[in-house]
Amino acid sequence: MATRILWLSRHQILPRQVEELERLFGEDTIIVEDPKPFGDVKDILRRFKKGGFDEMVVVAPLSVIAKLTECGIQPLYAQMEAVSPNDGYDTIANGRYYRFVEFKRIKAIKIEFTEV
């Protein structure tokens with residue numbers, strides 16, 4: 001059975017990212033891009049469960065990702081590196097050039113606070 005991946009980001013998935021997800025999960029992997037803004041963690045979980053997804057890539061604040069991991073979801077993280085335009089890049093965001101490196105799984109996020 002094909003792995004279903006929810007891509008929750010306003011950033012469109014890159015061809016190199018598609019290739020890597022297919023390498024990791026199989027050529028029959030189904031990736032569904034959902035660029036609509038989400039309200040909160042419950043909204044993300046609702047979309048994930050409603051779509052019958054197996055995996056998730058989400059671009060969100062760390063506090064949101066931390067709550068997802070507390071709910072048992074371990075989303076994939078698309079690691080990008082900043083490069084110069086001459087070094088070969090996959091995308092431009094806010095005037096900066098980036099190259100996709102790899103996917104990593106987020107197991108947990110620990111946020112520590114201190115008084116100001």
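## Starting from isoleucine 44

Leaving aside its neighbours within four places in sequence, isoleucine 44 is in contact (heavy atoms within 4.5 Å) with Leu8, Phe38, Met56, Val58, Val64 and Leu68. Before going further, please note that this is a predicted model, where local features need pLDDT of at least 70, side-chain atom pairs count only at pLDDT 80 or more, and totals for chains, interfaces and linings use all residues. Residues are numbered from 1 along each chain as its sequence is written, and side-chain values use heavy atoms, with hydrogens and water left out.

## The nonpolar cores

A nonpolar core is a set of buried Ala, Val, Leu, Ile, Met, Phe, Trp, Tyr and Cys residues joined through side-chain atoms within 4.5 Å. Buried means under 20% relative accessible area, exposed over 50%, and partly exposed in between (1.4 Å probe, protein chains only). The largest core here has 15 residues, and those touching the most other members are Ile44, Phe48, Met56, Val58, Leu68 and Ile73. At least two of its residues come from each of strand E1 (4-8), helix H2 (41-50), strand E3 (55-58) and helix H3 (62-70). H2 gives the largest share, four residues. These names follow DSSP runs numbered from the N terminus: helices (H or I, at least four residues) and strands (E, at least two).

Another core, of ten residues, lies apart from this one; Trp7, Leu21, Val57 and Ala78 are among them.

## A buried serine

Let's visit the loop between E1 and helix H1 (15-25), where serine 9 lies. Serine 9 is buried, with a relative accessible area of 6%. Its side chain reaches the backbone nitrogen of histidine 11 at 2.9 Å. Leaving aside neighbours within four places in sequence, serine 9 is in contact with Asp34, Pro35 and Val59.

## Salt bridges

A salt bridge is a side-chain nitrogen of Lys or Arg within 4 Å of a carboxyl oxygen of Asp or Glu; the count comes to ten. One of them pairs arginine 16 with aspartate 90, their closest N and O atoms being 2.8 Å apart. The partners sit 74 residues apart, arginine 16 in helix H1 and aspartate 90 in the loop between strand E4 (76-83) and strand E5 (91-93).

Aspartate 34, which serine 9 contacts, forms a salt bridge with lysine 36 at 3.9 Å. Aspartate 34 is buried at 9%, whereas lysine 36 is exposed at 54%. In helix H2, arginine 46 and aspartate 43 are three residues apart, so about one helical turn separates them, and their side chains meet in a salt bridge (2.6 Å, N to O). Shared partners join Asp34, Lys36, Asp43, Arg46 and Arg47 into one network of salt bridges.

Conventions
A polar contact is a pair of N or O atoms within 3.5 Å; within protein, one must be able to donate a hydrogen and the other to accept it, and residues adjacent in sequence count only if both atoms are side-chain atoms.
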